[in-house]
Amino acid sequence: MKLLLTHIKELLQVRENCPAKLSGEEMKELPTLKNAWVFINHGVIEDYGTMDKMGPHQGFKTLDCSGKIVLPAWCDSHSHLVYAGNREQEFVDRINGLTYQEIAEKGGGIVNSAKKLQETSEEDLYHQSASRLEEVMRLGTGAIEIKSGYGLTTEAELKMLRVAKKLSEEYPITIKTTFLGAHAIPTEYKGNKDGYLDLLCNEMLPKIAEEKLAEYVDIFCEEGYFSVADMERILSEGKKHNLIPKVHVNQFNSIGGIAAAVKHNALSVDHLEVLTDEDLEALKNSNTMPVALPSCSYFLSIPYTPGRKMIDAGLPLALATDYNPGSTPSGNMNFVVATACIKMRLTPEEAINAATVNGAYAMGLSKTHGSITRGKKANLIITKPVPSYGYLPYAFGSNLIDSVIINGKEVK
Ligand code: NIG
Ligand code: FE
């Protein structure tokens, strides 16, 4: 299948040699080509250039992109898209004054979703998740990471990961999977956290590794959930099964999880709504990508990750959705990019870099995703006619996407 996009008003994120990640000052630059064309061949970006230098193109399907902007599809490196049911009652409870933590303490929260998921068949779970996946693809996401963590039993955790695996087989979008068994302490193990961690290490991890159901391992390192020592245990155990760490840290409290994650060579540390100077120092000169989840801050009315301060300190930053039924019932990366500009004071260039190149890095996809580079996957967003790319986060409530191409094919 050959596809040629012509007369593109502006082609964003054009990088002949794309760096694996962008940090500090580098994030300010968004290389673009005006009045451009892109040639897609069998799912790959084969070539691009400006209209004044376009060679012959007989036999290609041509799409006129006059007035439109084309950019790489979003790389959403943090989601919990496979889940059962919703938690709109807890949303109302919070409106009425309860906090996220208070709701969790009275049996809501993650264990509430786990109960629903355990009672849902694998087939039903697949269909619920597939419709969310289709929605995010239409919103411009071309690669997504999906975590387990709403199962909390061996059987249910495996069910979640099998559903994610099946989605990756059925849909053109790239999916990376993460084992997050240590998401919360299940009701049956209340007061016996170590017993649950034993189950995780002795039963869940070996099975997941054996069936090759996950590439990454995650843990919710937070007061009332899992400690830094628990995190070190799980990450070390995961390493024995070749699982790479990507962890939830510093959502509500800074308890030393970032330094420990960096020490364990985590690919990413995610949330960071609360970030001390020591945490920031720990991230400097590391290979660990900090990931901000602004839709979660928006929905829970909690602080935003200090992205401005982090980039000014020379750090890289990625943006992701955190799509899940409790803290972020939205998988819309366009909203994430806009909210990062509006609430975290990222410039449009920084936010787009964070949601493409750095998002790809945070899920091990730097070589194939995140930029317009010859040989990378043809995952592209074509916008409606817009005055400039800055208009995309500016008009935050509008759907400005005309079409999305994933793996060289238009998403219907
Ligand atoms: O990333 N913080 C931990 N886990 C999820 C939310 C879980 C839930 O409330 O269901 C998150 O925000
Ligand atoms: Fe999360």
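**Reading strands, a helix and a ligand shell**

User: Which residue of E3 stands opposite Val38?

Analyst: Tyr48 in E3 stands opposite Val38. This is a predicted model, where local features need pLDDT of at least 70 and side-chain atom pairs 80 or more, while totals for chains, interfaces and linings use all residues. Residues are numbered from 1 along each chain as its sequence is written, and chains are lettered from A and ligands numbered from 1 in the order in which they are written.

User: How many bridges join E2 to E3?

Analyst: Strands of a sheet pair through backbone hydrogen bonds, either parallel or antiparallel. Strand E2 (residues 32-41) and strand E3 (residues 44-50) run antiparallel and are joined by six bridges; pairing needs at least two DSSP bridges. Two residues lie between the strands of this hairpin, and His42 takes a positive phi near 50 degrees.

User: In what order do the eight strands of the open sheet stand?

Analyst: The order is E6-E7-E8-E9-E10-E11-E12-E13, with parallel pairing. E6 (74-76) and E13 (318-319) are at the edges with a single partner strand each, so one side of each has no neighbour in the sheet. Two bridges pair E13 with E12 (residues 289-292), and Val291 stands opposite Ala318 in E13.

User: Which residues of helix H3 are buried?

Analyst: In H3 (residues 110-118), Ile110, Asn112, Ser113, Ala114 and Leu117 are buried (20 or more other C-beta atoms within 10 Å of the residue's own, placed from the backbone). Helices H2 (100-105), H4 (122-138) and H5 (154-170) are among what covers them.

User: Which residues are around ligand 1?

Analyst: They include Gly109, Ile110, Ser113, Phe220, His248 and Asp322, where a C-beta atom placed from the backbone lies within 6 Å of the molecule. The shell divides into four nonpolar, seven polar and one charged residue.

Methods. A residue is buried if 20 or more other C-beta atoms lie within 10 Å of its own, exposed if 12 or fewer, and partly exposed in between; C-beta atoms are placed from the backbone. Helices (H or I, at least four residues) and strands (E, at least two) are DSSP runs, numbered from the N terminus. Two residues are in contact if their C-beta atoms, placed from the backbone, lie within 7 Å. Ala, Val, Leu, Ile, Met, Phe, Trp, Tyr, Cys and Pro count as nonpolar, Asp, Glu, Lys and Arg as charged, and the others, Gly among them, as polar.
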